[in-house]
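Reader: I'd like to go through the charged pairs in this one. Can you start with whichever you like?
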Amino acid sequence: MNIISSRCVKIREVTRVTPFFDSTTSTNDSPLPSTALALTYFDTKWFKFPPVQRLFFYRNQTSDTDSIRFNSDTLPQLKHSLSLALLHYLPLAGHIMWPELEPKPAVYYFPDQKCDGVSFAVAESSDADFDRVSGDGILEAAEYHPLVPQLSITEDKAEVIAIQITLFPNQGFSIGVSAHHAVLDGKSTTMFIKSWAYLCKQLKLQQQQQEQTYLPPELTPCFDRTIVKDPDGIDMIYLKHWMSGSSSNRRSLNVMPVKPENYYSNLVRMTFELNREDINKLRDKVNKVLYSTQGGGQYLSSFVITCAHVFVWLVKARDVEANTTVRFVIPTDCRSRLDPPIPANYFGNCTGGEFGEAKASDFMQENGVAFVAHKLSDLIKGIKRGAVLGSEDEFLNGMAKMREAQQLKISVAGSNRFDVYGSDFGWGRPEKVEVVSIDTTGAISLAETRDGGGGFEIGVVLEKQQMEVFASLFVDALKDR
């Protein structure tokens, strides 16, 4: 078994891809205009969070991943379609900056500056087993690290997104994406990847580089910041919260530090799956308990059932004391919850977080899954449209509690509604999609199953012994009793 490490992944080149421009993409002879994108309170909320890293694996199609064919055909198609996609996503080619006279940072893009554009690394891993690293089996957590790029972030300038293509010769390739959390949420990142994939697939189908620059409406981003109302200046409340933690340069763009590499030495990752039949079976079990304990069942969404199932086995696998406080946060897409609602294709952050807590003993009880499912369902039902504004104190207090010691923290990254497996660049659906950064945040990741059957993929990172316990509990819970 060949473990992926930085020694066996060789970076072949690093370039910058800029938005495509010729006479057909502008109404006059001037170059693309400079642009600035304001940060809303949904963005400044995540201002200091480390980048979110995602990884897409694509299997070999005929000879497309032969090194010569890949470098002559596949790679130019990926680069050119990325350039076309950036025409629609100009801010991604820029940087976050905080000019001295401005009250808050923003994303600035200056097409005449060579430093702008998206960092695009090309690497090769000749020894790794593609089937193993793109499968659901157990992997060392750090194995994915050489496959995702690092964002360039300094005190006064931060990249928005970076991309790395890694070739596994004659097996497949991966696309690693690192995105700044203050600019993109998971839905926006997925929309961009799918836009890039859409344009790449068009190029591949045409077998020629025709500049098809239009996107379907659902992939065309809305950058209008006026539709996010903030009469109370919540954006600055969040920003001042982050600034208060800076001892020297209060305008520093540096994010919270990630763990040192030796932190990951005992961590492993694994992907689990719940299909629709599994979820229905678990839902029936939970409602049977609720009927006997509360005199009636309730509708429990697939998301609630999945999270309850996973949360309970996480607590048990980590073997914490019964009186340990377990704090968890559930992400919510607020686009439809604002008053009035904003478009589904709004680009930027637009997520909230609902916080809950209970004692570990509540998770460990015989009917722990039913207890957690009921609690999660009530938490989600409490979210009201328009209640997002005015929740800044709840969010800051919740984040402060999540940083307290002597507790167990559980959070969720991703969603089964993103359709990440719809990111077809012309080489078929991804073989596997991973949220690499959960090994830093401690979150679990969620996605739809690759077959589109209405199930969930769950990514988990734990210590090796804990993973063995978790896997056993996860599978055992699905057996018929």
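Author: Lys-104 and Asp-235 are both buried. Bear in mind that this is a predicted model.

Reader: What do the side chains of Lys-104 and Asp-235 form?

Author: They meet in a salt bridge, 2.7 Å from N to O. The pair links distant parts of the chain, 131 residues apart. Lys-104 sits in the loop between strand 4 (95–97) and strand 5 (106–109), while Asp-235 belongs to helix 5 (residues 234–243).

Reader: How many salt bridges in the whole structure?

Author: A search finds 19.

Reader: Which residue does Glu-159 pair with?

Author: Arg-16, in a salt bridge of 3.1 Å, N to O. Glu-159 is in strand 8 (residues 158–159) and Arg-16 in strand 1 (residues 9–17), so the bridge ties together parts 143 residues apart in sequence.

Reader: Is Glu-159 buried or exposed?

Author: Buried, because its relative accessibility is 5% and the cut-off for buried is under 20%. Arg-16 is partly exposed, at 33% relative accessible area.

Reader: Switching to Lys-479. What is its partner?

Author: Asp-476, with the closest N and O atoms 3.7 Å apart.

Reader: And where do Lys-479 and Asp-476 fall on accessibility?

Author: Lys-479 is partly exposed, with a relative accessible area of 45%. Asp-476 also counts as partly exposed, at 31%.

Reader: Which residues are joined into one network?

Author: Asp-136, Arg-269, Lys-432, Glu-434 and Asp-439, through salt bridges that share partners.

Methods: Residues numbered from 1 in each chain as written. Predicted model: local features only at pLDDT ≥ 70, side-chain atom pairs only at ≥ 80, totals over all residues. Heavy atoms only, no water. Salt bridge = Lys/Arg side-chain N within 4 Å of Asp/Glu carboxyl O. Helix = DSSP H or I, 4+ residues; strand = E, 2+ residues; numbered from the N terminus. Buried < 20%, exposed > 50% of the residue type's maximum accessible area, 1.4 Å probe, protein only.
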